Amino acid sequence: MFERNPGDTWAFTIIGDRLPVAALIAIIYFSIFRSHRTLGIAMFALMGVLFIWTSPNRWGVGIALHYLSRVYWPDPADPIPPNCADGNRFQDGNDA
């Protein structure tokens, strides 16, 4: 995939995806795993399944937030024409 500014999406991915997952791992490890090892292992397995199952949705949210940041705070060097950002698909007014 081509990105004009590679790395712009990473902030949304790290803040919206990696930090909550790291917090869940820390909570499970330091609270449940230490006192009930079997329950902690089951929680880690459940979190791993949920992590893989929901990954397309979480990445989609990161990409959508990146798109919205480009729409609301456009970069002057961005190659997207300004009429595409406001929803006008065609310049001549025809729908086909």
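Guide: Tyrosine 67 is found in helix 3 (residues 55-72); a helix is a DSSP run of H or I with at least four residues, numbered from the N terminus. This is a predicted model, in which local features need pLDDT of at least 70 and side-chain atom pairs count only at pLDDT 80 or more, while totals for chains, interfaces and linings use all residues. Residues are numbered from 1 along each chain as its sequence is written, and side-chain values use heavy atoms, with hydrogens and water left out.

Visitor: Why is tyrosine 67 called partly exposed?

Guide: Buried means under 20% relative accessible area, exposed means over 50%, and partly exposed lies in between (1.4 Å probe, protein chains only). Tyrosine 67 has a relative accessible area of 47%, and is therefore partly exposed.

Visitor: Why is serine 69 called buried?

Guide: Serine 69 lies in helix 3 as well. Its relative accessible area is 15%, so it is buried.

Visitor: With which residues is serine 69 in contact, leaving aside its neighbours within four places in sequence?

Guide: Serine 69 is in contact with Phe12 and Pro74, where contact means heavy atoms within 4.5 Å.

Visitor: How many aromatic pairs does a search of the whole structure find?

Guide: The search finds 3 aromatic pairs. One of them joins tyrosine 29 and phenylalanine 30, with ring centres 5.0 Å apart and planes at 80 degrees.

Visitor: What makes the pair of tyrosine 29 and phenylalanine 30 edge-to-face?

Guide: Rings of Phe, Tyr and Trp (its six-membered ring) pair if their centres lie within 6.5 Å; planes under 30 degrees apart count as stacked, over 60 as edge-to-face and the rest as tilted. The planes of tyrosine 29 and phenylalanine 30 are at 80 degrees, so the pair is edge-to-face. Tyrosine 29 is partly exposed at 29%, whereas phenylalanine 30 is exposed at 58%.

Visitor: Why is the pair of phenylalanine 33 and phenylalanine 44 called edge-to-face?

Guide: Their ring centres are 5.9 Å apart and their planes at 65 degrees, so this pair is edge-to-face. Phenylalanine 33 lies in helix 1 (residues 10-35) and phenylalanine 44 in helix 2 (residues 37-53), so the pair ties together parts 11 residues apart in sequence. Phenylalanine 33 is buried at 15%, and phenylalanine 44 is partly exposed at 26%. Tyr29, Phe30, Phe33 and Phe44 form one aromatic cluster.

Visitor: Where is confidence lowest, and where is it highest?

Guide: pLDDT is the predictor's confidence in each residue, from 0 to 100. Confidence is lowest in helix 4 (residues 82-85), at a mean of 55, and highest in helix 2, at 87. Where pLDDT is low, the predicted coordinates should not be read in detail.

How values were computed:
Helices (H or I, at least four residues) and strands (E, at least two) are DSSP runs, numbered from the N terminus.
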